[in-house]
Amino acid sequence: MTTADSTYAPTETGRPADADWWRTAVIYQIYPRSFADADGDGTGDLPGITARLDHLADLGVDALWLSPFYPSPQRDGGYDVADYRAVDPMYGTLADFDALLARAHELDIRVIVDLVPNHCSDQHVAFRAALTAAPGSDERALFHFRDGRGPDGSLPPNDWTSMFEGPAWTRITEADGTPGQWYLHLFDPGQPDWNWDNPAVREDFETTLRFWLDRGADGFRVDVCDALVKAPGLPDWPRPTHGVIEPVDGVMPPMWDQEGIHEIFRTWRRLLDTYDGRRILCAEAWLPPERAARIIRPDEMHQAFNFRFLETPWQADGLRAVIDESLAANDAVGAPTTWVLSNHDVMRHASRFGYDGPVELEHGVGADDPQPDRPLGLRRARAATALMLALPGSAYLYQGEELGLPEATELPDTARQDPVWERSGHRIRGRDGCRVPLPWTEDGPAFGFGANPDTWLPQPSDYGSYAAAAQRDHPGSTLRLYRRLLELRRSYRLGTGNLRWLQSPHRVLHCANGSIEVMTNLGPAPVPLPPAAHVLAASAPATDHVPADTTVWFTRT
Ligand code: GLC
């Protein structure tokens, strides 16, 4: 059970006071490369997004979050930023960004942009200057440059591994042609880590924050924010960098969740609050709920992604436990709990739930791998979303999930772009399968994504059957289900509500949020609805029973 933060007062309309919009917001993630292509080059762009904003207004979301659209060599899908205060020509211009923002605001949709502060691109002007500058120079001090170990410095400075496999260090060649120092990159070698102990780095990011806030951005999603500060001396950590980020014998891994991150977030919060009190920061940190909650204490960020929820398989006890844990951890700091099932880094939930048991979220699926059970996956995905959207707090949706879009599990390996595919020696396929351009129409070039049928990642030939146009007027469609759930969520004020668990049979979740009751059946047999139930929405046809793998929202008459 949870209670709303006592400082938080809903207005008479049931919508939160404007300054608190984010406490209940449904935020839709756009991956710009794959949303809509206006100029026909096979890659999505900002004008393409603007032209399709009506889709988001119809869906009924409160905000959108744009994954990076900044100049980038695209070594990691734009999370390798070469210039934080510009638009990549492949996506358009700053004027296109302004137009997108203006149209979104007209539609009452807020716009959150991605801030990538842990690392930049190796093409960033500051890193290029560091490469040609001398060891010990101010230019190098913006990053983590170190001499190598061993008599000739040919071994990495410490044993850290990259999130994309292999060492987290790359050795450079000095200006005089000799083998030189090493630089740290927790991700791809094309993504050097900034040195956040350096005040110049902090100042530059404050300039970037102001740049987008001045243009009217409503906030930032902050990429791997828990990695900014590294333990002093960069000590060895003879364990993987990747995986569950938890203390080992009371010690946090030296690259994650160091105490120093909080001061940075406090500074940013003060900066945002000098605007109109309506701009927000959302933390991307794959931490357990109680650690993530420390980032959203009242003077730090506003909300954090709830990845524990996303990681939980389709299993009643596990889901109930993670819901309770999440609410408790966030209530303790007065922050809203957020919910998320899909994003650009993980297998889409319509496919994930088509496997029995847990899956490797970021490993991808190849044509020769076991394929998910598609109808089952979609059925469970719809039920999971219906459960998620009934929960109090804020929720994140990932583009295409409102279409029930499955992961592209048969992409040709030659088309893969995720750096992990090469770095793992073709062992891990990576995240391309959830990043394929969206289908908007049943036929036509690229299923309405754009005029060019040759899209940057190939679309599966059956993607047209998931097109938005095919679903809009189809009563049982996933798109119509999402619209209905969002409409009810708003009118019944579920975002501000309290969750109460009710007694239920084994493998069934039954809860109430205000006057709405929700039953999710994760077992094999149908379970009866209470006799006086009046069904408001259901993830699969339901009258007096909740079928297997189905969620039903109802009131009592
Ligand atoms: C975040 C992004 C992911 C990216 C990584 C490095 O986890 O969501 O796409 O690869 O950070 O920036």
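**Notebook: helices, cores and loops**

Helices here are DSSP runs of H or I with at least four residues, strands are runs of E with at least two, and both are numbered from the N terminus. I noted that this is a predicted model, where local features need pLDDT of at least 70 and side-chain atom pairs count only at pLDDT 80 or more, while totals for chains, interfaces and linings use all residues. I also noted that residues are numbered from 1 along each chain as its sequence is written, and that side-chain values use heavy atoms, with hydrogens and water left out.

**Entry 1: helix α3**

I looked up α3 itself, which has 13 residues. From first C-alpha to last, α3 reaches 18 Å, close to the 18 Å expected at 1.5 Å a residue (the expected span is 1.5 Å times one less than the number of residues). Which residues of α3 are buried? I found Phe97, Leu100, Leu101 and Ala104. Buried means under 20% relative accessible area, exposed means over 50%, and partly exposed is in between, with a 1.4 Å probe and protein chains only. Seen down the axis, these buried residues fall within an arc of 95°, so they line one face of α3 (the arc is that of the directions from the helix axis to the C-beta atoms). The face turned away from them carries the exposed residues Ala95 and Glu106. I then checked what covers the buried residues of α3, and the list includes α1 (46-51), α2 (53-59), β2 (63-66), β3 and α5.

**Entry 2: helix α5**

Next I turned to α5, residues 199-215. This helix has 17 residues and reaches 25 Å from its first C-alpha to its last, close to the 24 Å expected. I listed its buried residues as Val201, Phe205, Glu206, Thr208, Leu209, Trp212 and Leu213. Why do I put them on the same side of α5? They cover an arc of only 160° around the axis. On the other side of α5, I saw that Pro199, Glu203 and Asp214 are exposed. The buried residues of α5 pack against α3 (94-106), β3 (110-115), β7 (219-222) and α6 (261-273).

Asn198 caps the N-terminal end, with a side-chain oxygen 2.9 Å from the backbone nitrogen of Ala200. Just after α5, Gly216 takes a positive phi of about 110°.

**Entry 3: cores and domains**

I moved on to the largest nonpolar core, which has 161 residues. A nonpolar core is a set of buried Ala, Val, Leu, Ile, Met, Phe, Trp, Tyr and Cys residues joined through side-chain atoms within 4.5 Å. Those touching the most other members are Phe69, Trp194, Phe220, Trp268, Met301, Ile323 and Trp553. This core draws at least three residues from each of domain 1 (24-118 + 200-484) and domain 2 (125-184); such bounds come from an automatic or database domain assignment. I also found a second, separate core of 8 residues, which includes Val508, Met519, Val552 and Phe554.

Not counting residues up to four places away in sequence, Phe69 touches residues including Phe97 and Trp212 (contact means heavy atoms within 4.5 Å).

How far apart are the centres of domain 1 and domain 2? Taken over C-alpha atoms, 31 Å separate them. The contact takes 23 residues from domain 1 and 17 residues from domain 2.

**Entry 4: two loop residues**

Gln191 sits in the loop between β6 (179-184) and α5.

Ser34 is in the loop between β1 (26-30) and α1. Ser34 also counts as buried, at 0% relative accessibility. Its side chain reaches the backbone oxygen of Arg435 at 2.5 Å. Leaving aside residues up to four places away in sequence, I found that Ser34 touches several others, among them Gln399, Arg435 and Trp456.

Conventions: A polar contact is a pair of N or O atoms within 3.5 Å; within protein, one must be able to donate a hydrogen and the other to accept it, and residues adjacent in sequence count only if both atoms are side-chain atoms.
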